[in-house]
Amino acid sequence: MNPLLATLGGKLTERWLNLLVLPGALFLAATAAGTALGHRHWHDVDRLRTTLDELAARPALDRTGTAALLVALVLLTATAASLAAQFLGGAIERYWLRFGRNPLSRALTARRARRWQERDEKLGEAIGQAHRTGAGPNGAVLIPSSTLAQIQALTEARNRIALREPVRPTWYGDRMQATADRVEAAYGVDLAALWPRLWLILPEPAVRQIQSARDSYSAAARLAAWAVGYALLACWWWPAVLATLCCAAMARSRARTALDALADLIEAAVDVHGRELATRIGLISPEAPGRLGHDTGDEMSALFRKAE
């Protein structure tokens with residue numbers, strides 16, 4: 001029992017240090033340096049060294065109890081800063097996935113929809129020109145490599161805005177909405193009503209993969225929260241802008257990658273295990289052949305919504 005407790009204690013300590021103490025301590029160090037230097041002396045290393053020497057020369061720090069109390073205070077402050085970043089990261093997660101219910105969000109959605117439609121029209125024109133280039137044997141359309149590369153580039157440019165016409169103010173929200181729309185189009189089932197029930201029957205490997213992608217998305221949101229913190233610090237010490245830009249760029253890249261993977265995994269889980277769920281709740285027989293049909297999907301949605 002003691003080895004087990006020791007192992008668990010070691011893992012918890014490691015997680016506490018990695019998730020809470022280290023990011024918070026780094027932010028506290030940057031804050032201390034920025035407060036001591038300011039805009040005017042932003043690169044004055046000697047000034048920072050002098051400040052540290054004056055702090056270390058104080059008689060109170062010679063006492064063991066005072067030093068231990070100072071270390072504990074630093075750890076607690078770093079932990080508090082990290083907890084604040086986690087709280088703000090949760091808010092950022094919800095903000096990225098929000099619906100366009102307020103005027104600003106609706107304006108952003110309309111702007112993204114206009115850009116998507118412009119690129120979709122260019123893509124349609126390129127595809128139309130490709131069909132007019134000629135036909136090969138058996139009626140096959142011959143597309144020059146340059147035209148095919150142009151079509152691929154236009155498709156990627158359109159998909160960078162959204163996979164389908166935008167209905168939310170952010171790429172993140174539209175990516176999850178596209179998954180819900182694709183599932184409904186394929187199976188006639190409401191993903192929001194289906195997912196909690198499907199999650200209960202997923203095998204452990206699928207759960208781990210989905211949870212890993214979800215955790216990566218949350219970590220990216222926390223990184224965006226740190227970018228906000230460093231942006232506030234930049235008001236007193238402008239080099240913090242560099243940390244802000246780095247954190248923001250990394251957060252955006254990681255969040256897009258993680259959410260794209262999460263959406264793909266959710267859709268794959270429905271593809272692979274959706275029929276199994278319909279079988280377990282008695283809507284279809286285990287011996288019945290075929291895939292999950294629209295009629296069964298509609299019945300599942302009605303059942304899970306409890307006739308709302």
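Colleague: Leaving aside neighbours within four places in sequence, with which residues is W96 in contact?

Modeller: This is a predicted model, and the answer should be read as such. W96 is among the residues with the most contacts inside the largest nonpolar core. Neighbours within four places in sequence are set aside, and the contacts of W96 are then T170, Y172, G173, Y217, A220, A221, A224, A251 and A255.

Colleague: Is L223 buried or exposed, and with which residues is it in contact?

Modeller: L223 is placed in helix 8. Its relative accessible area is 15%, and the limit for a buried residue is under 20%, so L223 is buried. C247 is 24 residues away along the chain, yet the two C-alpha atoms are separated by 6.0 Å. With neighbours within four places in sequence left aside, the contacts of L223 are C247, M250, A251 and R254.

Colleague: How are helix 7 and helix 9 oriented to each other?

Modeller: Helix 7 covers residues 191-199 and helix 9 covers residues 240-280, and their axes are 11 Å apart. The angle at which they pack is about 70°. Angles of 65 to 115 degrees count as roughly perpendicular. The two helices, helix 7 and helix 9, are therefore roughly perpendicular.

Colleague: What is the make-up by class of the contact of helix 7 with helix 9?

Modeller: Helix 7 contributes L191, L194, W195, R197 and L198 to this contact. From helix 9 come I266, A269, V270, H273, G274 and L277. Sorted by class, the contact has 8 nonpolar, 2 polar and 1 charged residues.

Colleague: On which residue is the kink in helix 9 centred?

Modeller: Helix 9 is followed by G282, whose phi is positive, near 85°. The kink itself is about 55°. H273 also belongs to the helix 9 side of the contact with helix 7. The kink is centred on H273.

Colleague: Is S301 buried or exposed, and which residues are its contacts?

Modeller: The place of S301 is in helix 10, which covers residues 294-305. Its relative accessibility is 3%, and therefore S301 counts as buried. Apart from neighbours within four places in sequence, S301 is in contact with G188, V189 and D190.

Colleague: How far apart in space are A91 and A225, C-alpha to C-alpha?

Modeller: A91 is found in helix 3. At 29% relative accessibility, A91 counts as partly exposed. A91 and A225 are 134 residues apart in sequence, and their distance in space, C-alpha to C-alpha, is 9.1 Å.

Colleague: How far apart in space are A29 and A78, C-alpha to C-alpha?

Modeller: A29 lies in helix 1, and its relative accessible area of 45% makes A29 partly exposed. In sequence, A29 and A78 are 49 residues apart. In space, C-alpha to C-alpha, their separation is 9.6 Å.

Colleague: How far apart in space are Q150 and I127, C-alpha to C-alpha?

Modeller: Helix 5, residues 145-161, is the place of Q150. Q150 counts as partly exposed, at 41% relative accessibility. Q150 and I127 are 23 residues apart in sequence, and the C-alpha to C-alpha distance in space is 9.4 Å.

Colleague: What share of the contacts in the chain with a separation of 6 or more comes from residues 24 or more positions apart?

Modeller: The chain has 10 helices and 0 strands. Of its 308 residues, 33% count as buried. Among contacts with a separation of 6 or more, the share from residues 24 or more positions apart is 70%.

Terms used:
Residues numbered from 1 in each chain as written. Predicted model: local features only at pLDDT ≥ 70, side-chain atom pairs only at ≥ 80, totals over all residues. Heavy atoms only, no water. Axes fitted to C-alpha atoms, helices over the stretch in contact; angles between N-to-C directions. Helix = DSSP H or I, 4+ residues; strand = E, 2+ residues; numbered from the N terminus. Parallel < 35°, antiparallel > 145°, perpendicular 65-115°, else oblique. Contact = heavy atoms within 4.5 Å. Nonpolar A, V, L, I, M, F, W, Y, C, P; charged D, E, K, R; others polar. Buried < 20%, exposed > 50% of the residue type's maximum accessible area, 1.4 Å probe, protein only. Bend = angle between axes of the 7 residues up to and from the residue. Core = buried A, V, L, I, M, F, W, Y, C linked by side-chain atoms within 4.5 Å.
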